[in-house]
Amino acid sequence: RPEEVTPEILERYQRWLYYFRKPSGGPLTLETQNSRLGIVKLFFRWMTRQHLTLFNPAAEIELPRLSHRLPRDILTPAEAEAVMAVPNVETPLGIRDRAILETFYSTGLRRVELLNLALYDLDAARGTLMVREGKGRKDRVVPIGRRALDWIDKYLTDVRLHHVVDTDVTYLFLTIDGGPINSHMLGDIAKKYLKAAGITKNGPCHIWRHTDATAMLENGADLRF
């Protein structure tokens, strides 16, 4: 019964997971051990909060430390520059698309987060963007670089003003008809420029998030950030 479980029992379970061997002879991965112990910790945390047990026997259990592996599909700095150089910035849509790519690279936003950016989310003076209801429905503020801000400013000044049909539409990036860009359209835009630059890596939008994070790590940013 749950109330009969002690820390010693859970420690034995943790050791059992560590020494367990699959039919192939291999051990359980750290991810699997972490998952199974994590479920136990969550269960007893809930039991304690519901006052179904007097104490939490799993409170002191430490989960296996997982390695932080970088994704395979990332762009090198040279590849990122090559992709961003593809849009024809002599055209309105080329300016918009260059601003989109620069924003992806500078901020590491997810596709939906970029689509939902509004005019008032940009604070050029402070060099920040407000991401509203990102992953987990949480708001956060992220920095954005000077070059991305310059391209956004050029887009706002030279292009967006001519695409606006309804002034109530406050999305930062618009279609040529003045409406919001949808997720499928943004994926096609990003994929088109990757292909034009001769890059066949996966994830046309999310690749920028991984590329941004990798560049930050390689230039000394703390892993937590």
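Of the contacts here (heavy atoms within 4.5 Å) between residues at least 6 apart in sequence, 56% join residues at least 24 apart. This is a predicted model, where local features need pLDDT of at least 70, side-chain atom pairs count only at pLDDT 80 or more, and totals for chains, interfaces and linings use all residues. Residues are numbered from 1 along each chain as its sequence is written, and side-chain values use heavy atoms, with hydrogens and water left out.

**Overall build**

- You're looking at eight helices and three strands; these are DSSP runs numbered from the N terminus, with helices being H or I of at least four residues and strands E of at least two.
- Going along the sequence, the order is α-α-α-α-α-β-β-β-α-α-α.
- The radius of gyration is 24 Å, while a compact globule of 225 residues would sit near 17 Å. That radius is taken over C-alpha atoms, and the globule rule is 2.2 Å times the number of residues to the power 0.38.
- The C-alpha trace spans about 70 × 40 × 30 Å along its principal axes.

**Surface and charge**

- Buried residues make up 36% of the 225. Buried means under 20% relative accessible area, exposed means over 50%, and partly exposed is in between (1.4 Å probe, protein chains only).
- On the charge side, there are 32 positive and 28 negative side chains, and the centres of the two sets lie 6 Å apart. Lys and Arg count as positive, Asp and Glu as negative, with His and the chain ends not counted; each charge is placed at NZ of Lys, CZ of Arg, CG of Asp or CD of Glu.

**Nonpolar cores**

- The largest nonpolar core has 38 residues, and Leu114, Phe173, Leu186 and Trp208 have the most contacts inside it. At least two residues of this core come from each of α3 (77–84), α4, α5 (111–115), β2 (128–131), α6 (146–163), α7 (183–196) and α8 (206–218).
- A second, separate core has nine residues, including Leu28, Leu37, Phe44 and Ala58.
- As for the term, a nonpolar core is a set of buried Ala, Val, Leu, Ile, Met, Phe, Trp, Tyr and Cys residues joined through side-chain atoms within 4.5 Å.
- In soluble globular proteins, nonpolar side chains tend to be buried together.
- Leaving aside neighbours within four places in sequence, Trp208 touches Leu75, Ala80, Val83, Met84, Leu101, Phe104 and Tyr105.

**Buried spots in helices**

- Thr103 sits in helix α4 (residues 92–107) and is buried, at a relative accessible area of 0%.
- Setting aside neighbours within four places in sequence, the contacts of Thr103 are Gly108, Leu109, Leu114, Leu117, Leu129, Ile144, Ala148, Ile152 and Phe173.
- Ala190 is in helix α7 and is buried too, with a relative accessible area of 2%.
- Beyond neighbours within four places in sequence, Ala190 is in contact with Pro204 and Cys205. Ala190 and Ile207, 17 residues apart in sequence, are 9.8 Å apart in space, C-alpha to C-alpha.

**The loop between α2 and α3**

- His51 lies in this loop and is exposed, with a relative accessible area of 70%.
- Check the backbone of His51: phi is positive, about 60°, although the residue is not a glycine. Most residues other than glycine have a negative phi.
- Ala59 is in the loop between α2 (30–49) and α3 as well, and counts as partly exposed at 43% relative accessibility.
- Ala59 and Arg45 are 14 residues apart in sequence, with 7.7 Å between their C-alpha atoms.

**Two partly exposed aspartates**

- Asp188 lies in helix α7 and is partly exposed, at 37% relative accessible area. Asp188 and Gly134 are 54 residues apart in sequence and 22 Å apart in space, C-alpha to C-alpha.
- Asp166 is in the loop between α6 and α7 and is partly exposed, with a relative accessible area of 39%. Asp166 and Leu217 are 51 residues apart along the chain, and their C-alpha atoms are separated by 42 Å.
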